[in-house]
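Work through the exercises below with the sequence and the model at hand. Each task is followed by a solution in steps.

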Amino acid sequence: MPNTTPLWLFDLDNTLHNASHAIFPAINANMNVFMTRVLEEQGLPADQQAVNEMRQRYWRLYGATLIGMIQHHEVRSEDFLRDAHAFPDLASMIRAERGLSHLLRRLPGRKILLTNAPRRYSRDVVRHLGLHRHFEKHISIEQMHVHRRLRPKPSRQMLRKLLARERVPARRCILVEDTAVNLKSAKNLGLRTAWVTQYLHGNVHVTGIDARRQSTMHPAYVDVKVKSVRQLATHLGRLAR
Ligand SMILES: [Mg+2]
């Protein structure tokens, strides 16, 4: 018998906290340092503009800059992830709304944290937010392998594998995210989707869609569009019934 309890998959960065405030700028700067070193070693153009363009291009193409660096520059994922997420004082960089714990308690069903970020960083953030106890599992990028290859969001193979393992039919599963392309691929598989938009303004450099357009868009692959996850409870009829 398939499980009929809803399963919520929550993204972390720019969904449960404002990563655009200080964390993403620091990650981008860290990635640039790492990438510059690699490109110089490989005799490739490594000026600031070339590095920025490459970082954004890999993010758009693969859902994570890391995948491009593995495929085209043979970096080790642990080295890249460690350097990209090295912060002098992570706690002081976190900005989030109040009331998220209350919201997560109210939502019926199981909850899994599903983030393309590395384990140590995402564990530290979710603990700092005081939300870790609401998630029965924490799936970080290190756990997103399919046939031994790293397949982060928006990989449909990864999502399919997750649904099979959790024994949940796609229609009982809800992805809550800020990144539209991840919602699109989830919808393709039959999941329900909730788009969280309040932190998107800081994301234009990676999504390529400007904030004003995103605020008026409501793509067909989005079941519910909310500014904040706190509004999810008022949309349960479209998501979890
Ligand atoms: Mg996100």
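**Exercise 1.** Describe how helix α3 and helix α4 are placed against each other.

Solution. Step 1: the axes of α3 (residues 65-73) and α4 (residues 77-84) come within 10 Å and cross at roughly 145°. Axes are lines fitted to C-alpha atoms, for helices over the stretch in contact, and angles run from 0 to 180 degrees between N-to-C directions. Helices (H or I, at least four residues) and strands (E, at least two) are DSSP runs, numbered from the N terminus.

Step 1: T65, L66, M69 and I70 in α3 meet S77, F80 and L81 in α4, where contact means heavy atoms within 4.5 Å. These contact residues divide into 5 nonpolar, 2 polar and no charged. Ala, Val, Leu, Ile, Met, Phe, Trp, Tyr, Cys and Pro count as nonpolar, Asp, Glu, Lys and Arg as charged, and the others, Gly among them, as polar.

A note on the source: this is a predicted model, in which local features need pLDDT of at least 70 and side-chain atom pairs count only at pLDDT 80 or more, while totals for chains, interfaces and linings use all residues. Residues are numbered from 1 along each chain as its sequence is written, and side-chain values use heavy atoms, with hydrogens and water left out.

**Exercise 2.** Which residues form one aromatic cluster with F10, and how are their rings arranged?

Solution. Step 1: the cluster consists of W8, F10 and F135. Rings of Phe, Tyr and Trp (its six-membered ring) pair if their centres lie within 6.5 Å; planes under 30 degrees apart count as stacked, over 60 as edge-to-face and the rest as tilted.

Step 1: W8 and F10 are stacked, at 6.1 Å centre to centre with 25° between the planes. For F10 and F135, the centres are 5.9 Å apart and the planes stand at 70°, so this pair is edge-to-face. F10 in strand β1 and F135 in the loop between α7 (119-128) and β3 are 125 residues apart.
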